[in-house]
Amino acid sequence: MAQLPLPDPPWLPPDPSAALQGSAQPTVPNVHWSNLLGNALHFYEAQRSGALPNSNRVDWRGDAALEDGKDVGLDLAGGYFDAGNYILCPFPLAFTLTSIAHAALDYGQAFDLANQTAYLDATLRWGLDWLMRTQFNGTGVVAQVGSKTVEDDYWGPPSTLPSPRPTYLIPQSKPATDLRASLASSFASASVLYSGAPFPPGRPTASLTDPDYAAVLLQRASDLYAAARAGEKGVYQDALGDNGKEAMGYPSDGWEDDLTYAALWMALATNETSYYEDAASFYVEYSLRDQDEVLNWDSQTPAIPILASQLLQARPGINGSTGTWQIDAETYLDRVLAQEGRARQTRGGLLFYNGDSDDASLNPALNAATLMLRFAPLAFAAGKRDAYTKSALQQVDYALGKNPMKRPYVVGVHPNAPKRPHSAMAHGGTDIENIDTDPKENEHVLYGAVIGGPDKHDRYFDIRSDWPETEIALDYNAPVVVLAAYGVLNRPADPHYVSLSENDLVVPSGKPCDEAFSCDDGVLSQAAKIAIGVVVAVVVLVAAGVGWCFWRRRKVFARLGRKY
């Protein structure tokens, strides 16, 4: 089970000024798309926890959190710091690794063309190997390392993290359907990749074949899926008690989508119809068809009909019909394009989902773009294939600089990229009360980090303490890995930011109006609007729909767990 040898000399992110020089002519692979893919993977290396290997490319990072897990007798030094702070969260990490493995299945040749396959392998194994260590005593699972309530009060380098950090365990006897199913998805998707099986047929995956590792991953996936499917169901934080629930950075809203999604990945990994039948049954039983959700770490529902369509194309031995899945996928995507569901476009063209985009606008839009590009080849009509592809690329181009700010929202790819991401380790400061000024500029460039994104008015202020706009996170980067890989294979022209000059950058007037910054210009903040809505709901006894929206929004705040 050997990891691929890393390049010598190592690939390193180019200076942002390199993006000011356009390509002489369109070509595949385009060097700038290759660099974007490399940057996106490099971000994960900067987020590593534990004892770093000699091959570490991030010269300002060192070992960190070496004592993690010892409070419960486990070795949990490793994994990835989740976001701008330092908790370790298996639930969103599992989603992130599944997304990256899926990218390598869909667009695997891109990693080879960009000379990033060894780094893809390293990224996946660092996360997967740690996730395997979070499984104990059968199918007991680690819910989190570190407490949100404690670590939100620490701002400094990872080398001086307060220690020991608490480990939150869920024994085999308690339900954690969502977490176990998500772990199963990550192991099963990676097992498909390392098995070398073509997916979809005729399209090569990344050159990562390792049958022994694939078998280990599949066994883990099988055990966890069986545990998630059997017995009492429940979200993982409910197994922790009140103190544990309060410490969670990513509480889950439900388990039904996770279990259904995992069944599809198990079907792909095993080629067994019984898993597909599970997924088809769950999809109907849990009324997932009727939900209008975004795709993110807490909601796999929109991906289910698309993955099912891919499954039945890639595994013809599985007994199932693609028709219903394709219809459901097109219905969902058509509503997004027509802005008939929750998604609306900002004036600048960004898909914006009220309640989910307010605290991280780019992530829902870029995840939607991955769905469109994955499904486009399977659409019934050529017109729809073109429409999905066009809409997806619009979101990609927006994130890469074709927006009112003239700014690509990936750190380090261009001189106009964000300079002040909400990242304690990249900032270099230690004064939690003055993170915007002490120091004002980051000590380190967090290459490849995707920030939260602009507001619904397309404004981006690049203020470190404005976490809804400047926060970075493992799951924020995942769709950019997918979309950059697509670009390497399919977009010979340069990414949009290559056409920008430093003089094009737009700096908005005023200040943010969001959860981090209260509004004093007569405009109500989102929180104020919600609060007023709740009061009105109580007074006039408005039905549960409005109440649900408030509850959902508050859940988003709680699970982000970020106060800056």
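**Buried charges and their partners**

Tutor: Let's start with Arg57, which is buried, with a relative accessible area of 9%. Keep in mind that this is a predicted model, where local features need pLDDT of at least 70, side-chain atom pairs count only at pLDDT 80 or more, and totals for chains, interfaces and linings use all residues. Residues are numbered from 1 along each chain as its sequence is written, and side-chain values use heavy atoms, with hydrogens and water left out.

Student: Why is Arg57 called buried?

Tutor: Buried means under 20% relative accessible area, while exposed means over 50% and partly exposed is in between (1.4 Å probe, protein chains only). Arg57 has 9%, so Arg57 counts as buried.

Student: And what makes Glu45 buried?

Tutor: Its value is 7%, which is under 20%, so Glu45 gets that label too.

Student: How do you know that Arg57 forms a salt bridge with Glu45?

Tutor: The rule asks for a side-chain nitrogen of Lys or Arg within 4 Å of a carboxyl oxygen of Asp or Glu. Here the closest N and O atoms are 2.9 Å apart, so the pair qualifies. The structure holds 20 salt bridges.

Student: Why do Glu151 and Arg165 count as a salt bridge?

Tutor: N to O is 2.7 Å, again within 4 Å, so they count. Salt bridges with shared partners also join Asp68, Glu151 and Arg165 into one network.
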